[in-house]
Structure formats: C-alpha cells, structure tokens
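Okay, thanks everyone, let me put the next one up on the screen. Have a look at the sequence and the model, and then I'll talk you through it.

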Amino acid sequence: MRDSAAGIGGVLGLLHIVPIIARTRGDPGWQRLLVSIAPMSAGLGVQSTTDSGSLPIRPWAGLGVTAAWAAAALLTGGLLLRKRDAQPPLPSGDTERASPPPPIAAPVPAQSLGG
C-alpha cells in the first residue's frame, strides 16, 4: 500500500478481524482454531509469563505463529516487489544489465586552480 493511513488501517484490521470472526462462529472448535492462529492472540501468548494455561495459545506456539505471520508478510512483500519493480525486463538475448553511468566528477575548488 502506498498510503500510510491505508497501511495502518489494513494492519489494524488484520489484527482485529480474526477474533471478531471467531466470535461469530457457533462451533467452539472453530472458535479455538481461529483465535489460536490470529496474530494478536499469538503475540499476546508470546508475552505471557504466568498462567499460560488460560490463554488460547501457549508462548512457544505463539512464537511459531508470530514467525509464520512475519514470514508470510515478508514473502508477500518480496513477491509484490518483484512483480511491481520499476526496472524493465532484460531483452531476450542479454544476460547482464548495462553498467550504471559513471559518477559526475566533483567540481575543482577555486584555490587549486592557481589563482
């Protein structure tokens, strides 16, 4: 997303939508599954130090779920970056990109000109 407000809204929506959807399900098994894979529940499970039995997910499992969400976000970002990259594709016979132009020489200070 190119707009920061839309990006923040998307992240907050992802964090809060899964527990809301879980509450609308009548089956307790589905509720437990959805809450245990939600990124917010997983993150809160990682932070737990006492009484982890009352949480929907244990700390180490929460760390795994959090890592899976992070890996999915990185993979999605990498794929979108590759797809939307501004650099044009290589022509069919070329195997290397052209080298970048040489840097512009710095201007010579007036003192070194001898005058």
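This is a predicted model: local features need pLDDT of at least 70, side-chain atom pairs count only at pLDDT 80 or more; totals for chains, interfaces and linings use all residues.

Residues are numbered from 1 along each chain as its sequence is written, and side-chain values use heavy atoms, with hydrogens and water left out.

So, the overall picture. The protein chain has 4 helices and 0 strands, where helices (H or I, at least four residues) and strands (E, at least two) are DSSP runs numbered from the N terminus. Of its 115 residues, 12% count as buried; buried means under 20% relative accessible area, exposed over 50%, and partly exposed in between, with a 1.4 Å probe and protein chains only.

Now the helix pair. How do helix 1 and helix 2 lie relative to each other? The axes of helix 1, residues 4–24, and helix 2 come within 8 Å and cross at roughly 175 degrees. Those axes are lines fitted to C-alpha atoms over the stretch in contact, and angles run from 0 to 180 degrees between N-to-C directions. Helix 1 and helix 2 are therefore roughly antiparallel, the label for angles over 145 degrees. On the helix 1 side the contact uses Val-18, Ile-21, Ala-22 and Arg-23, and helix 2 brings Gln-31, Leu-34 and Val-35.

Staying in helix 2, which spans residues 28–37, let's look at Ser-36. Is Ser-36 buried or exposed? Ser-36 is buried, at 15% relative accessible area. Its side chain reaches the backbone oxygen of Leu-33 at 2.8 Å. Not counting residues up to four places away in sequence, Ser-36 touches Pro-56, Ile-57 and Val-65.

Last one: Leu-14, back in helix 1. Leu-14 is partly exposed, with a relative accessible area of 37%. Leaving aside neighbours within four places in sequence, Leu-14 is in contact with Pro-39 and Trp-69.

Notes
A polar contact is a pair of N or O atoms within 3.5 Å; within protein, one must be able to donate a hydrogen and the other to accept it, and residues adjacent in sequence count only if both atoms are side-chain atoms. Contact means heavy atoms within 4.5 Å. Angles under 35 degrees count as roughly parallel, over 145 as roughly antiparallel, 65 to 115 as roughly perpendicular and the rest as oblique.
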